[in-house]
Amino acid sequence: MLTFELVKYEKGKYIYHFFPDIDKSAYGVIAIYDDGEREIIQQSSVDVKQYYMGHALWGIPVGEEWGTVAWC
């Protein structure tokens, strides 16, 4: 599970911080664009296999200000 928050929206680019449930201080940063493109800006230091980043990239609903992404 991870939580996320929208940090900034500017010119079609949403910047999100995502927080792995392992360590809230070790956040990652992604960008999601209005056209659907996605970009990794900063990886979380605790996400060595990039599971959280993958869920952040594809699980965060574009435009949402904050929330949780969970999986089984």
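Among contacts between residues at least 6 apart in sequence, 38% join residues at least 24 apart in this protein. The model is predicted. It has 1 helix and 5 strands. From the N terminus on, the order is β-β-β-β-α-β. The radius of gyration is 11 Å, close to the 11 Å that the globule rule gives for 72 residues, so the protein is as compact as a globular protein of that length.

**Dimensions and surface**

- The C-alpha trace spans about 30 × 20 × 20 Å along its principal axes.
- Accessible surface comes to about 4600 Å², and carbon and sulfur atoms account for 51% of it.
- Of the 72 residues, 36% are buried.

**Charge**

- The protein carries 6 positive and 11 negative charges.

**Nonpolar core**

- The largest nonpolar core holds 13 residues.
- Leu2, Phe4, Tyr16, Phe18, Ile30, Ala56 and Ile60 touch the most other members.
- At least two residues of this core come from each of β1 (2–10), β2 (13–20), β3 (28–33) and α1 (51–59).
- The helix α1 gives the most to this core, with 4 residues.

**Contacts of Ile30**

- Ile30 is one of the core residues that touch the most other members.
- Neighbours within four places in sequence are left aside here; beyond them, Ile30 is in contact with Tyr14, Ile15, Tyr16, Phe18, Glu39, Ile41, Ala56, Leu57 and Ile60.
- Among these partners, Tyr16, Phe18, Ala56 and Ile60 are also listed with Ile30 as core residues touching the most other members.

Key
Residues numbered from 1 in each chain as written. Predicted model: local features only at pLDDT ≥ 70, side-chain atom pairs only at ≥ 80, totals over all residues. Heavy atoms only, no water. Rg over C-alpha atoms; globule rule 2.2 N^0.38 Å. Buried < 20%, exposed > 50% of the residue type's maximum accessible area, 1.4 Å probe, protein only. Contact = heavy atoms within 4.5 Å. Areas by Shrake-Rupley, 256 points an atom, 1.4 Å probe, with all protein chains shown as cover. Lys, Arg positive; Asp, Glu negative; His and termini not counted. Charge placed at Lys NZ, Arg CZ, Asp CG, Glu CD. Core = buried A, V, L, I, M, F, W, Y, C linked by side-chain atoms within 4.5 Å.
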